[in-house]
Amino acid sequence: MEPVNVAIIYYSSTGTVHALAQAAAEGAEKAGAHVRLRKVAETAPPEAINTRPEWVEHLKDTADIAQAAHDDLEWADAVLFGAPTRFGNPAGQLRAFIDTTGPLWAQGKLADKVYSAFTASNTTHGGQESTILALANTFYHWGGIVVPPGYTDPIQFQSGNPYGASHVVGDGAPGEVTLAAARYQARRVADITAALKSSRAA
Ligand SMILES: Cc1cc2nc3c(=O)[nH]c(=O)nc-3n(C[C@H](O)[C@H](O)[C@H](O)COP(=O)(O)O)c2cc1C
């Protein structure tokens with residue numbers, strides 16, 4: 001059977017969600033998937049970006065990562081979305097991309113795919129679950145198959161978030177447990193998508 005296509009579409013200002021996205025890409029690749037790692041367009045004005053040197057730096061560091069396009073969604077059998085928490089919701093940059101997908105949705109092209117999400121926040125109770133669940137609202141509208149990690153692997157009992165991989169930025173850069181959870185989430189998404197794809201092909 002053909003390998004599954006997994007798109008990882010994310011936004012990151014200062015690199016945390018980018019690190020989770022890269023780990024997710026590794027996990028999906030290891031599961032045998034074809035992977036596209038894509039960032040969404042930056043929509044913040046330079047006045048905002050320039051207030052934070054680490055934001056400016058991260059934009060430069062990731063200049064070579066391709067920007068997400070509708071074709072990536074059409075191509076994908078499964079999509080993992082990553083966004084930092086902003087006031088308990090996904091960052092507007094990712095929402096801005098999602099909000100351009102009306103034409104695909106209207107043609108039914110977003111239905112029946114597998115979706116999953118991951119995030120980062122500054123504090124433990126700063127809105128990781130609400131951010132991931134807010135993204136899931138969109139997956140429901142698309143007629144998607146939502147695949148969360150749950151507690152389906154020992155790493156989940158260490159990382160502790162059954163909704164999706166997540167990192168508390170106040171604790172420093174993402175460590176091995178968080179990155180392993182992101183890899184595991186993407187592997188689970190790829191494995192379940194492969195099972196669906198082969199049963200549909202049968
Ligand atoms: C406008 C704004 C709103 C934010 N709101 C929250 C929030 O509600 N809860 C929280 O814990 N962190 C919040 N943060 C912190 C970000 O979630 C954190 O900087 C981000 O997860 C870092 O991810 P990145 O390095 O990928 O950009 C906010 C940051 C900004 C700039």
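How far apart do the end C-alpha atoms of residues 6–190 lie? They lie 7 Å apart, and the span is 44% helix and 19% strand.

## Basis of the model

The model is predicted: local features require pLDDT of at least 70, side-chain atom pairs count only at pLDDT 80 or more, and totals for chains, interfaces and linings use all residues. Residues are numbered from 1 along each chain as its sequence is written.

## Overall architecture

The protein chain has nine helices and seven strands; these are DSSP runs numbered from the N terminus, with helices (H or I) of at least four residues and strands (E) of at least two. An unreviewed UniProt entry places the feature "domain: Flavodoxin-like" at residues 6–190. Such annotations may be inferred rather than shown by experiment.

The C-alpha trace spans about 55 × 40 × 30 Å along its principal axes. Of the 202 residues, 46% are buried (20 or more other C-beta atoms within 10 Å of the residue's own, with C-beta atoms placed from the backbone).

β5 pairs in the parallel sense with β3 over seven bridges, where pairing requires at least two DSSP bridges between the strands. Within this pair, V79 has Y115 as its bridge partner. Two bridges join β5 to the parallel strand β6 (residues 145–146), and here Y115 is partnered by V146. Three bridges join β5 to strand β7 (residues 166–168), also running parallel, with S121 opposite V168.

β5, helix α7 (residues 128–142) and β6 form a right-handed β-α-β unit; with the strands pointing away from the viewer, the path from the first strand over the helix to the second runs clockwise.

## Ligand surroundings

The ligand is surrounded by 19 residues, the closest being S12, T16, P84, S121 and G126; a residue counts if its C-beta atom, placed from the backbone, lies within 6 Å. Elements giving two or more residues to this shell are α1 (16–30), β3 (78–86) and β5 (114–121).

The shell comprises five nonpolar, 13 polar and one charged residue. Ala, Val, Leu, Ile, Met, Phe, Trp, Tyr, Cys and Pro count as nonpolar, Asp, Glu, Lys and Arg as charged, and the others, Gly among them, as polar.

Technical notes
A residue is buried if 20 or more other C-beta atoms lie within 10 Å of its own, exposed if 12 or fewer, and partly exposed in between; C-beta atoms are placed from the backbone.
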